[in-house]
Amino acid sequence: VAVERGWLKESPAKWIMGGMSHRAAAHFLTAEEMDQVLSKPDVEEFDGLRDRAILEVMYATGVRGREVVALEVEDVDLAAGRLRVRIEDGQERQAPLADAAREFLGRYLKEVRPAWAQLPGEGPAERRGTALFIEPMRGNPLNLGTIQKIVGAYVHQVKPGIVMPCRVVRDACIARLQANGVAMEAIHAAVGDLRSEREAEPD
């Protein structure tokens with residue numbers, strides 16, 4: 001869609017889905033649609049504020065769903081506006097946080113997470129104290145399935161039928177960076193190596 005309308009010279013799916021751009025185009029969020037997705041969570045509610053923080057972080061940094069799950073509180077540097085993202089083989093990358101991501105992530109860390117972190121939890125307690133995004137009932141870390149449901153719920157309000165919603169938000173981030181004139185090398189550094197990704201890879 002972005003290519004067809006002249007916003008981008010090429011689809012980010014060229015890198016993400018091994019050249020299968022025609023499939024990605026059918027499941028793509030425009031910048032306007034992504035803005036609508038971001039506006040859906042009710043930030044006056046704790047869970048809505050957390051969800052807005054998740055969406056803003058994903059759109060700002062292009063993190064995958066499984067990378068969101070792995071985020072810890074210490075990975076966030078609001079003052080510097082950067083996020084440390086853990087990737088395979090013990091490696092990591094530094095991703096810049098946009099102003100909106102810093103705002104809502106800061107509010108979540110100040111207003112929401114401390115309250116939920118006091119809940120009794122269940123299972124191993126180690127990551128309950130360090131995981132960035134947790135759930136409201138017991139304070140447990142979110143898992144990938146829950147992240148996918150959260151993101152999918154808001155994406156489908158704007159564009160029903162989207163598949164792999166976490167991937168679609170990642171695509172929207174890449175498209176935004178390209179539209180802003182960011183070089184592909186810099187995009188690879190910020191969001192990870194797109195050329196190694198395949199459609200079958202989980203979010």
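Q: Is Arg52 buried or exposed, and what is its relative accessible area?

A: Buried means under 20% relative accessible area, exposed over 50%, and partly exposed in between (1.4 Å probe, protein chains only). Arg52 is buried, at a relative accessible area of 15%. This is a predicted model, in which local features need pLDDT of at least 70, side-chain atom pairs count only at pLDDT 80 or more, and totals for chains, interfaces and linings use all residues. Residues are numbered from 1 along each chain as its sequence is written, and side-chain values use heavy atoms, with hydrogens and water left out.

Q: With which residue does Arg52 form a salt bridge?

A: A salt bridge is a side-chain nitrogen of Lys or Arg within 4 Å of a carboxyl oxygen of Asp or Glu. Arg52 pairs with Glu56 at 2.8 Å, N to O. Glu56 is likewise buried, at 6% relative accessibility.

Q: Where do Arg52 and Glu56 lie?

A: Helices (H or I, at least four residues) and strands (E, at least two) are DSSP runs, numbered from the N terminus. Both residues lie in helix α4 (residues 46-61), four residues apart, about one turn of the helix.

Q: How many salt bridges does the structure hold?

A: There are eleven. One of them joins Glu72 and Arg86 at 4.0 Å, N to O. Glu72 lies in the loop between α5 (65-70) and β1 (76-77) and Arg86 in strand β2 (residues 82-86), so the pair ties together parts 14 residues apart in sequence. Salt bridges that share partners join Glu72, Glu74, Asp75, Arg84 and Arg86 into one network.
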